[in-house]
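Please read it with the structure open beside you.

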Amino acid sequence: MKKTVSIAFLIFSFFYGSALAQQPVLKALDGDKMIPGLTEIMDPEVTIIQPGIKDSDAPSDAIILFGGSDINSEWTDNKGAPSKWIVKDGSLVCVKGSGVIKTKRKFSNFQLHIEWKTPSEVSGDGQGRGNSGIFMQELYELQVLDSYNNRTYRHGQAGSFYKQFAPLVNVSRKPGEWQTYDVIYTAPTFNNDTTTFFTPPRVTVLHNGVLVQNNVSLRGPTVYVGIPEYFIKKHGAGSLVLQDHGNPVAYRNIWMREL
Ligand code: MG
């Protein structure tokens, strides 16, 4: 009997400890008695990492994409040349006309922490005030904008996925104050025809610690004009891209955990 229970336990452990762990609990094999140990899996132990002192600090397994001084190790311009964005007071500042910057590394599924600040000296309005953006896999823009007392179309403000999903709330801080995005991104998969998603990209975003995108399914790569569904193309891993929209938006403390 003991041997039977042991085999049943091993079989049960395999399924319960795998991706099926989210499924309803499996029944023990015929003749076995359900005991607490059948649902208490010890191995493999969950990986131990060291948290930051503050929640915004990178944990020990994160890739530091910008830590306050070096831009060239992780970033280039759109053509792979050194970026013309500048490092000032520990932050990475967009230079008008210099174009986007992109990570040398390419990513699929990830957790991203990034902090950003629009200029304290307000100029322009609508989409012209403190505009930048963070593109997942080079294609899907999480909007960065000064949305403090600055109305624009609802799915184009800070916290939106540009022209696809408005944020659940506008939790913007004043211009010149640091703000945070924490993003959980799941890359799309594609059908064999390469033009349609099998599973679309999914994304959850916290803006200043508040949920603004709740596991939304993106409809396609971001477009300025038209409907995104028309422009789906199969793609693999991609860079994280920061947009030059002509405003000196600053970034700092950028870290990524691949999932
Ligand atoms: Mg933008």
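**Notes on the model**

1. Pro-44 lies in the loop between helix 1 (2-16) and strand 1, where helices (H or I, at least four residues) and strands (E, at least two) are DSSP runs, numbered from the N terminus. The peptide bond that joins Asp-43 to Pro-44 is cis, with omega at about -5°. As a general rule, most peptide bonds are trans, and most residues other than glycine have a negative phi.

2. This is a predicted model, in which local features need pLDDT of at least 70 and side-chain atom pairs count only at pLDDT 80 or more, while totals for chains, interfaces and linings use all residues. Residues are numbered from 1 along each chain as its sequence is written, and side-chain values use heavy atoms, with hydrogens and water left out.

3. The mean pLDDT (the predictor's confidence in each residue, from 0 to 100) of the protein chain is 89, and 88% of its residues reach 70 or more. Over residues 1-24, however, the pLDDT is below 50, and beyond near neighbours in sequence this stretch has 21 contacts in the model, a contact being heavy atoms within 4.5 Å.

4. Which residues coordinate the magnesium ion? The donors are Asn-131 (OD1), Ser-132 (O), Glu-141 (OE), Gln-143 (OE1) and Gln-243 (OE1), at 2.2 to 2.4 Å. Donors here are N, O and S atoms within 2.8 Å of the metal (3.2 Å for Na, K and Ca), and because water is not among the atoms, sites may look incomplete. Along the chain the donors follow the spacing N-S-x8-E-x1-Q-x99-Q. Of these, Asn-131 is in the loop between strand 6 (110-117) and strand 7 (132-136), and Gln-143 is in strand 8 (residues 140-144), 12 residues apart. Both Asn-131 and Gln-143 are buried, where buried means under 20% relative accessible area, exposed over 50%, and partly exposed in between (1.4 Å probe, protein chains only).

5. Counting a salt bridge as a side-chain nitrogen of Lys or Arg within 4 Å of a carboxyl oxygen of Asp or Glu, the model has six salt bridges. One of them pairs Glu-74 with Arg-105 (2.9 Å, N to O); Glu-74 is in the loop between strand 1 (63-66) and strand 2 (75-77), and Arg-105 in the loop between strand 5 (101-103) and strand 6, 31 residues apart. Glu-74 is buried at 12% relative accessibility, whereas Arg-105 is partly exposed at 36%.

6. Arg-252 and Glu-115 also form a salt bridge, their closest N and O atoms being 2.7 Å apart. Because Arg-252 lies in strand 15 (residues 250-258) and Glu-115 in strand 6, the pair ties together parts that are 137 residues apart in sequence. Arg-252 is partly exposed, at 31% relative accessible area, and Glu-115 is buried, at 6%. Elsewhere, salt bridges that share partners join Lys-102, Lys-106 and Glu-138 into one network.

7. Two backbone angles deserve a look. Asp-89, in the loop between strand 3 (86-88) and strand 4 (91-93), has a positive phi of about 50° although it is not a glycine, and Asp-89 is exposed, with a relative accessible area of 77%. Gln-137, in the loop between strand 7 and strand 8, likewise has a positive phi of about 50° without being a glycine, but Gln-137 is buried, at 3% relative accessibility.
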